[in-house]
Amino acid sequence: MTAQDAMVELAALWPRLPLLVGRDWPKVRSSALELVGRLADAGDDDERIACAERLLILLAPYSGVRDLLSPAFLAGRRSTEDGVDLAAVCRLLASAPWERWIDARLDAPTSDNLSHTRTLHLQVDRLAHPFAFSSAWPGATASDAAETAWLHVDVYAEAAHVSIRPVRQRLPVFSEVPDLARDLPGASFDITFLRADQPTVVLARVNGPDGLLFQLLPLTLHPDGPVEQCTLLPRGTGRAAARPADLRITLVSEGEVHRMLVDDRSGYNPVVVLPHRSKELEILARRARASFETLLTGSDGRVYEKHLEIPEPVYRTGLRAVARSGTDLFRGLFRPNGGSAALRELGDMLIRTVDEAQAGALPRVEIVSSELSLPWHLMYVTDYCLDAELSPTRLLGLACEVDVVTARPGCRFRGEPGSGADGARGEAATTAPGSRSPALVAVNTDIDRPDTARARTLVADQTAYWRQGLATRAEVVDDRDRVAAALAGEDPYALWYFYCHLEQGEEDDPDDVSLVFTGGRHVSLRDLMHDVPADTPLRGSPLVVLNVCMSTMPDTLGRAGFPPYFVSRGARGVVCTETDVPAEFGAQWARRFFDRLLAGHTMRGALHDTRRELVCEHRNLLGLVYTAMGQGDATLEVPR
């Protein structure tokens with residue numbers, strides 16, 4: 001096998017390198033990225049081959065990589081025969097960590113083109129087709145080798161900057177590109193620049209054949225120049241949804257510039273630049289969360305703390321408070337002073353969707369965000385919050401099933417083919433062969449206040465629930481060292497469930513947080529990120545449920561805290577809390593949520609139905625403080 005062959009195959013294997021290399025991956029990754037960067041910048045073939053050999057030397061000690069190179073080549077992966085452009089092969093390998101398989105380009109401008117119209121082409125890199133195919137169609141088998149995966153592309157822009165006319169929206173991805181094929185088909189759009197003196201940003205959304213978001217491409221188009229391209233990949237996605245989203249909200253941030261797209265399939269889909277700085281958005285989010293905190297800290301706090309059933313007067317008072325703060329969130333985002341008519345129309349789309357819920361429908365809302373993490377489910381969708389018309393189902397998290405998906409640059413973790421441990425698009429979170437336990441349940445037994453006059457059985461009851469529900473196959477631990485070892489270990493789990501305390505450190509740093517287990521012993525996020533960095537995959541691509549106080553990210557940009565850490569490590573989905581949660585309520589919520597999840601409900605459905613039950617049957621609003629990150633159609637399958 002030549003260095004050229006190995007380079008092509010390494011590009012195909014890159015999404016699986018974290019699992020193939022194992023615990024050394026964070027250290028190896030930085031050196032590997034440096035070498036592929038040198039490959040891309042190399043000036044001649046001798047330098048390229050030398051860099052490729054150094055990369056192979058770096059990875060050769062790991063048998064998981066070494067053993068797969070030759071079989072991959074013999075099984076028909078594209079080789080680099082004489083005449084193949086080695087520089088193109090190097091660009092392919094350099095793009096592999098970021099999955100930049102799709103190339104965007106504009107037709108060259110012509111002197112007689114007075115309308116400033118150019119055609120935007122999106123094509124899969126010629127050499128990358130076999131690897132893009134396995135990424136776009138992860139369930140493909142050997143019998144599918146001659147098939148084609150079809151991606152669907154939509155392109156959106158600010159209405160005042162460009163107009164877009166789709167020419168061809170289907171993007172084919174071949175498993176193998178015929179050697180004689182010179183001009184490969186792709187998606188194309190006619191772009192007319194309305195402001196020919198400045199560049200504009202368009203958003204290309206690429207959906208896979210399963211209907212899920214495949215890639216999000218922010219493209220900076222220059223009227224007389226090249227295309228600047230970024231590739232954002234969804235994290236924590238699951239299987240294809242049973243039906244497409246009724247409303248899709250996309251948020252792409254670049255520094256202090258936040259662009260929003262709302263797509264309700266009506267045909268009016270402009271990109272709008274929000275007139276907000278990050279600090280303003282943080283204030284809006286904090287106010288929405290604060291109203292739920294006052295349910296516990298206000299005059300009726302003891303009622304919510306001690307009782308599942310909430311009296312009608314207490315419930316109405318609480319609903320009025322959260323509805324007003326939720327309206328402030330809606331109006332602050334879509335009706336700000338100086339906001340554009342286009343932004344107002346995006347808010348109107350959301351109102352129409354919630355109106356459908358009032359008429360008995362159950363709309364599905366998908367929110368994809370590159371950075372911003374807003375409490376969408378706490379938003380009360382109306383222009384005017386009138387006491388006489390208060391309805392809990394105007395809260396977005398009760399009116400609709402909501403998915404929140406993070407899209408970031410970088411590689412998605414993939415498991416072994418056929419293992420079910422695919423962090424990108426597996427059918428369900430399931431136990432991989434050889435695992436000892438389908439679920440790891442980490443608890444703090446101090447919550448039960450043993451050996452005191454106020455002893456209770458919240459933890460004991462949950463322990464019994466898991467041991468009974470999974471026929472003794474749930475591993476229940478309360479020791480800090482065992483939890484830390486499991487997080488760093490090789491055992492695959494389908495579910496990680498935490499029922500413990502969360503403690504904020506003294507520093508004003510979102511990463512200065514710890515999970516607190518029995519005996520007051522901490523698992524610090526900072527220590528965890530040193531011992532097991534965020535680019536070390538969690539085996540089994542589990543669902544993670546953080547039933548602890550205010551486990552969601554405290555910063556609006558959503559880069560810090562335990563949920564982003566688990567998502568970055570390849571968790572299929574993460575359920576967390578927006579505010580403090582009483583231990584008694586957390587136990588009640590857990591039984592209802594897990595009853596549904598273990599019965600085969602999706603993460604989205606289990607979360608939504610639990611919220612509705614608590615409000616409709618018990619007048620309890622606290623179920624809304626639980627939110628989720630990841631594709632909502634993820635399910636949990638565990639052997640009984």
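1. A contact means heavy atoms within 4.5 Å. Ala 342 touches Tyr 268 and Val 272, leaving aside residues up to four places away in sequence. Its place is in helix H11, residues 341-358. Ala 342 and Val 272 are 70 residues apart in sequence, yet 6.8 Å apart in space, C-alpha to C-alpha.

2. Some ground rules come next. This is a predicted model, in which local features need pLDDT of at least 70 and side-chain atom pairs count only at pLDDT 80 or more, while totals for chains, interfaces and linings use all residues. Residues are numbered from 1 along each chain as its sequence is written, and side-chain values use heavy atoms, with hydrogens and water left out.

3. Now the overall picture. The protein has 18 helices and 26 strands. Both are DSSP runs numbered from the N terminus: helices are H or I with at least four residues, strands are E with at least two. Of the contacts with a separation of 6 or more, 71% are between residues 24 or more positions apart.

4. How much of the protein is buried? Buried residues make up 58% of the 640 residues. Buried means under 20% relative accessible area, exposed means over 50%, and partly exposed lies in between (1.4 Å probe, protein chains only). The protein exposes about 25500 Å², and carbon and sulfur atoms supply 49% of that area. Accessible areas come from the Shrake-Rupley method with a 1.4 Å probe; for residues, only the protein chains shown count as cover.

5. Look next at Arg 105. Its place is in strand E1, residues 102-106. Arg 105 counts as partly exposed because its relative accessibility is 40%. Arg 105 touches Thr 119, Leu 120, His 121, Gln 123 and Val 227, not counting residues up to four places away in sequence. Arg 105 and Thr 119 are 14 residues apart in sequence and 8.3 Å apart in space, C-alpha to C-alpha.

6. Two residues deserve a check of their backbone. Most residues other than glycine have a negative phi. Glu 99 has a positive phi, near 55 degrees. Glu 99 sits in the loop between helix H6 (86-95) and E1. Glu 99 counts as buried because its relative accessibility is 0%. Arg 449 also has a positive phi, near 50 degrees. Arg 449 is in the loop between strand E17 (439-443) and helix H13 (458-469). With a relative accessible area of 21%, Arg 449 is partly exposed.

7. Where does negative charge gather on the surface? Asp 41, Asp 44, Asp 46 and Glu 47 form a patch there. Patches are made of residues with over 30% relative accessible area and no salt bridge; like charges are joined within 9 Å, and nonpolar side chains (Val, Leu, Ile, Met, Phe, Trp, Tyr) within 5 Å. Lys and Arg count as positive and Asp and Glu as negative, while His and the chain ends are not counted. The place of a charge is NZ of Lys, CZ of Arg, CG of Asp or CD of Glu. Asp 41 lies in helix H3, residues 25-41. Asp 41 counts as exposed because its relative accessibility is 66%.

8. Salt bridges come next. A salt bridge is a side-chain nitrogen of Lys or Arg within 4 Å of a carboxyl oxygen of Asp or Glu. By this rule the count comes to 33. One of them joins the side chains of Glu 578 and Arg 289, at 2.4 Å from N to O. This pair links distant parts of the chain, 289 residues apart: Glu 578 is in the loop between strand E24 (573-577) and helix H17 (583-598), and Arg 289 is in helix H8, residues 278-297. Glu 578 is buried, with a relative accessible area of 3%. Arg 289 is buried as well, at 9%.

9. Which residues share partners in one network of salt bridges? Start with two bridges to Arg 604. Glu 401 forms a salt bridge with Arg 604, with the closest N and O atoms 3.9 Å apart. Glu 401 lies in strand E15 (residues 401-408) and Arg 604 in helix H18 (residues 603-618), so this pair ties together parts 203 residues apart in sequence. Both Glu 401 and Arg 604 are buried. Asp 403 and Arg 604 also meet in a salt bridge, at 2.7 Å from N to O. Asp 403 is buried. Salt bridges that share partners join Arg 364, Glu 401, Asp 403, Arg 604 and Asp 633 into one network.
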